[in-house]
Amino acid sequence: MDTEMSSNTNDGETSAVSMTKLRTLRAQLSVLHRADGSVALQQGGTVVWAAVYGPGDSTASKRLNDRAFIDVLFKPKVARPVNDIGATKENVSPLLRGTCESMVDIRRHPRTLIELVVQELTDDGGLRAVCLTAGCLALLDAGIPMTAVFCGVSVALMPDDRLVLDPPLKEQKMATALFTFALKSAESEVEMISCDTNGRFQFDHFKRAVSLAIEAAAEVFLFYREMMQRKLSLG
Amino acid sequence: MASPADLLRVCDPGEYYRSFLERDLLPDGRATSEFRPLSLQLGVISSAYGSAMVRQGGACVVVSVQPEVSVPIDGSGFIVVNVDSSLDATDASLSMQAQLEDTVACLHSLIDDDAIVNRKSLVVVAEKIAWTLYVEVLVLSVDGGLTDATVSALVGALADLRLPSISLKDEATDDDRPFELSKAALVISDARHRLELVDYPVSSTFVFHKATCADGDAKKRKRAVMRCICDPSEQLLALMTGACNVVVGRQGQVYRVNRGGGGEGVSISTLDTVVSLAAKRQQSVELVIEQALRMRAD
């Protein structure tokens with residue numbers, strides 16, 4: 001369902017913002033029985049599996065005295081060499097690790113290891129954002145104490161200055177820039193906590209993309225609520 | 001006998017920094033909106049075709065560029081980056097390892113977006129000869145500012161780069177036979193030419209500090225001030241999560257806005273401040289690079 005909206009930018013020009021809805025979200029919790037928490041998540045055509053192990057024992061190199069060590073492993077479908085310039089675009093580990101370290105209550109379990117493994121199965125656009133969402137669902141499924149929930153949303157900037165929310169791969173490839181946001185929800189307020197960008201843009205595009213992402217995130221958090229209600233048989 | 005300030009810095013670094021940040025100052029005397037001075041030297045490695053050494057605050061980075069002849073793919077040449085750090089992998093703290101990873105991601109991102117050099121301009125003879133630039137990044141020391149120093153050093157090294165002019169000895173070749181680089185005869189002249197840089201991207205790193213209003217009622221306390229701190233030192237980076245890295249070029253072109261997670265959300269107004277500070281920084285760094293280029297030419 002496409003809704004065309006016209007908005008006035010600061011310098012009086014009108015720019016069309018195409019506000020496409022987020023693609024359909026489908027998830028199944030606890031798909032992996034050996035993991036403490038896991039999820040198989042599908043957003044549109046992008047499919048990602050995530051598993052959480054922990055809080056558990058760790059080797060000395062991954063042990064911190066005052067907090068839990070969060071280890072994030074992203075497994076792309078096709079492994080690429082470290083020096084591959086294109087590969088770092090897809091790497092969600094630093095973004096996910098940073099977000100988890102702020103959202104998980106790491107002070108609660110010092111000297112332990114919380115391992116989050118995210119496996120890419122199909123990339124049909126917005127892969128990093130879907131990995132972020134899957135990461136949070138897996139953490140929720142594992143019952144890891146968290147300070148807030150978070151989700152990932154991607155927004156693409158097209159050559160005609162149009163912003164597209166949660167683009168499929170075909171559109172993503174044509175974009176001049178792709179923004180991946182991690183948004184948190186605390187006390188029903190949605191804020192942007194992490195972001196990463198690819199491509200070139202003007203700051204105005206980025207600002208518009210943030211507003212778009214914040215609005216869309218509400219839908220994802222509603223989805224979390226449904227998933228957890230189903231899991232705990234409250235719905 | 002350590003001074004009370006040093007003791008506070010060790011025992012409660014949060015309180016130590018808070019006492020400075022409340023006055024919009026940092027312990028090293030600069031304002032929170034000030035960047036540490038940047039020093040750039042070009043041509044530091046004489047054996048390399050292009051090189052630059054950048055000292056920014058406590059970070060010192062050397063970048064050298066070695067061109068090699070190769071066959072173009074999809075009408076463009078290549079830039080391969082290798083980062084070598086003198087920091088021992090086991091000794092380096094988590095924060096430094098994360099910084100290193102972020103720096104590599106930033107460089108890859110800039111190269112992939114053709115932010116400094118358009119890789120299509122590395123093609124010398126269409127479909128036959130192109131340059132592959134091997135970029136070696138050597139990190140000598142880090143005290144925050146690693147990404148900033150490395151990006152400036154990369155831009156400097158590519159600006160300093162002098163490529164030899166090459167051409168095929170035998171232009172007329174059989175169209176049926178596939179072109180083999182190893183069997184081609186190349187004419188390499190002594191003449192050197194500079195690369196045309198597309199833009200001068202400059203990286204700036206910020207951390208945020210949420211200052212709560214001590215006085216006032218509940219409403220006022222909620223509207224806490226989010227302070228932007230430019231160019232944080234290593235200790236400050238480790239203390240405050242959620243560092244934001246912004247790479248901007250000329251005329252408001254933004255190449256990267258990256259924030260790897262932080263407890264506090266970042267509002268649009270804070271980002272406005274960040275980008276305007278980054279834009280100012282870009283202008284001053286571009287002047288430094290141009291001045292260094294002029295000195296090199298003399």
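## Stop one: a patch on the surface

Select Leu32(A), Trp49(A) and Leu121(A): together they make a nonpolar surface patch with about 220 Å² of accessible area. Patches here take residues with over 30% relative accessible area and no salt bridge, joining like charges within 9 Å and nonpolar side chains (Val, Leu, Ile, Met, Phe, Trp, Tyr) within 5 Å. A salt bridge means a side-chain nitrogen of Lys or Arg within 4 Å of a carboxyl oxygen of Asp or Glu. The areas come from Shrake-Rupley with a 1.4 Å probe, and for residues only the protein chains shown count as cover.

Before moving on: this is a predicted model, where local features need pLDDT of at least 70 and side-chain atom pairs count only at pLDDT 80 or more, while totals for chains, interfaces and linings use all residues. Residues are numbered from 1 along each chain as its sequence is written, chains are lettered from A and ligands numbered from 1 in the order written, and side-chain values use heavy atoms, without hydrogens and water.

Zoom in on Leu32(A), which sits in the loop between β3 (25–29) and β4 (37–43) of chain A. Helices (H or I, at least four residues) and strands (E, at least two) are DSSP runs numbered from the N terminus. Leu32(A) is partly exposed at 30% relative accessible area; the scale is buried under 20%, exposed over 50%, partly exposed in between (1.4 Å probe, protein chains only).

## Stop two: inside chain A

Show helix α2 (residues 93–103) of chain A: nine of its 11 residues are buried, so the rest of the structure largely encloses it. Among the buried ones are Leu95(A), Leu96(A), Arg97(A) and Cys100(A).

Now pick Ala209(A) in helix α5 (residues 203–231) of chain A, buried at 0% relative accessible area. What does Ala209(A) touch, leaving aside neighbours within four places in sequence? The contacts (heavy atoms within 4.5 Å) are Val155(A), Leu163(A), Phe179(A) and Phe181(A).

## Stop three: a threonine in chain B

Jump to Thr103(B) in helix α3 (residues 94–112) of chain B, buried at 3% relative accessibility. Its side chain reaches the backbone oxygen of Gln99(B) at 2.8 Å. The Thr103(B) side chain also makes a polar contact with that of Thr147(B), at 3.1 Å. Such a contact is a pair of N or O atoms within 3.5 Å; within protein, one must be able to donate a hydrogen and the other to accept it, and residues adjacent in sequence count only if both atoms are side-chain atoms.

## Stop four: cysteines

Most residues other than glycine have a negative phi, and most peptide bonds are trans. Go from Gly54(A) to Pro55(A) for a cis peptide bond, omega near -5 degrees; Pro55(A) belongs to strand β5 (residues 46–56) of chain A. Then try Ser188(A), with phi near 60 degrees, exposed at 73% relative accessible area. Finish at Asp24(B), where phi is near 55 degrees, in the loop between α2 (13–21) and β1 (38–42) of chain B.
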